[in-house]
Amino acid sequence: MKRTLLKLNKHFCNNFEVLAASLIFILIFAFKIDFYKAIILMLEFIVVIEVVKMISDFIKKQKLRLRFVIDIFIIFLIRDVIILSTNIHRDYFDITFLLFVIFVFFIFRILAVKFSPGAKRVSKNSNEIQTNTNK
């Protein structure tokens, strides 16, 4: 029994996410919150975290990273898709439109990461790594 408890303790220490998810799940049951409302609140929390991270990065580096802005929009739109899909009177056109917009933002995010001024590139003529700021 003691050995099993030590294994569980080691597992939860190494995987903090499992412990946090278990705690959140227990709180959802304890406060009798509807599961979809809890998911919506967690997604809103993630949006707030991303906004704070973007503002903090802007204050420190005095640059606004396009990647953070796009991430915020993607998370916010995913939140809206979840809200609309759990609604009793679903509007499939709105859901489809939001999914299309999310797809477009994913393309923008890929392009923002690929063509970022700080992105490192490998030269075709040599194996030297160059940055876009040197060009």
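1. Start with helix 5: its buried residues (under 20% relative accessible area, with exposed meaning over 50% and partly exposed in between, 1.4 Å probe, protein chains only) are Ile95, Leu98, Val101, Ile102 and Ala112. Helix 4 is included in what covers them. On numbering, helices (H or I, at least four residues) and strands (E, at least two) are DSSP runs counted from the N terminus.

2. A word on provenance before going on. This is a predicted model, in which local features need pLDDT of at least 70 and side-chain atom pairs count only at pLDDT 80 or more, while totals for chains, interfaces and linings use all residues. Residues are numbered from 1 along each chain as its sequence is written, and side-chain values use heavy atoms, with hydrogens and water left out.

3. The overall layout: the protein has five helices and two strands, and the order from the N terminus is α-α-α-α-α-β-β. Of its 135 residues, 19% are buried. If you take contacts (heavy atoms within 4.5 Å) between residues at least 6 apart in sequence, 36% of them join residues at least 24 apart.

4. Back to helix 5, for its length. It has 23 residues and spans 33 Å from its first C-alpha to its last, close to the expected 33 Å at 1.5 Å a residue; the expected span is 1.5 Å times one less than the number of residues.

5. Now the packing of helix 4 on helix 5. Two packed helices are described by the angle between their axes and the distance between the axes. Here the angle is about 160° and the axes are 9 Å apart, with axes being lines fitted to C-alpha atoms, for helices over the stretch in contact, and angles running from 0 to 180 degrees between N-to-C directions. Helix 4 and helix 5 are therefore roughly antiparallel (angles over 145 degrees; under 35 is roughly parallel, 65 to 115 roughly perpendicular and the rest oblique). Their crossing is left-handed, that is, the near helix is turned anticlockwise from the far one by less than a right angle, clockwise being right-handed. Helix 4 contributes residues including Ile70, Phe73, Ile74, Leu77 and Val81 to the contact. From helix 5 the contact residues include Ile95, Leu98, Val101, Ile102 and Ala112, which are also the buried residues of helix 5.

6. The aromatics deserve a look, as there are three aromatic pairs. Rings of Phe, Tyr and Trp (its six-membered ring) pair if their centres lie within 6.5 Å; planes under 30 degrees apart are stacked, over 60 edge-to-face and the rest tilted. Phe25 and Phe29 make an edge-to-face pair, at 4.8 Å centre to centre and 85° between the planes. They sit four residues apart in helix 2 (residues 16-30), so about one helical turn separates them. Phe25 is partly exposed at 42% relative accessibility, and Phe29 is exposed at 57%.

7. Phe73 and Phe105 are a stacked pair, 5.6 Å centre to centre with 15° between the planes. Because Phe73 lies in helix 4 (residues 66-86) and Phe105 in helix 5 (residues 92-114), the pair ties together parts that are 32 residues apart in sequence. Phe73 is partly exposed, with a relative accessible area of 42%. Together with Phe108, Phe73 and Phe105 form one aromatic cluster.

8. What does Glu50 touch, leaving aside its neighbours within four places in sequence? Its contacts are Phe68, Asp71, Ile72 and Ile75. Glu50 lies in helix 3 and is buried, at 11% relative accessible area. Ile46 is another residue of helix 3 (residues 35-61), partly exposed at 34%. Ile46 and Phe76 are 30 residues apart in sequence, with 8.9 Å from C-alpha to C-alpha.

9. Two backbone spots to check by eye. Lys32 has a positive phi of about 50° although it is not a glycine; this residue is in the loop between helix 2 and helix 3 and is exposed at 75% relative accessibility. Gln62, not a glycine either, has a positive phi of about 55°. Gln62 is found in the loop between helix 3 and helix 4, where it counts as exposed at 65%.
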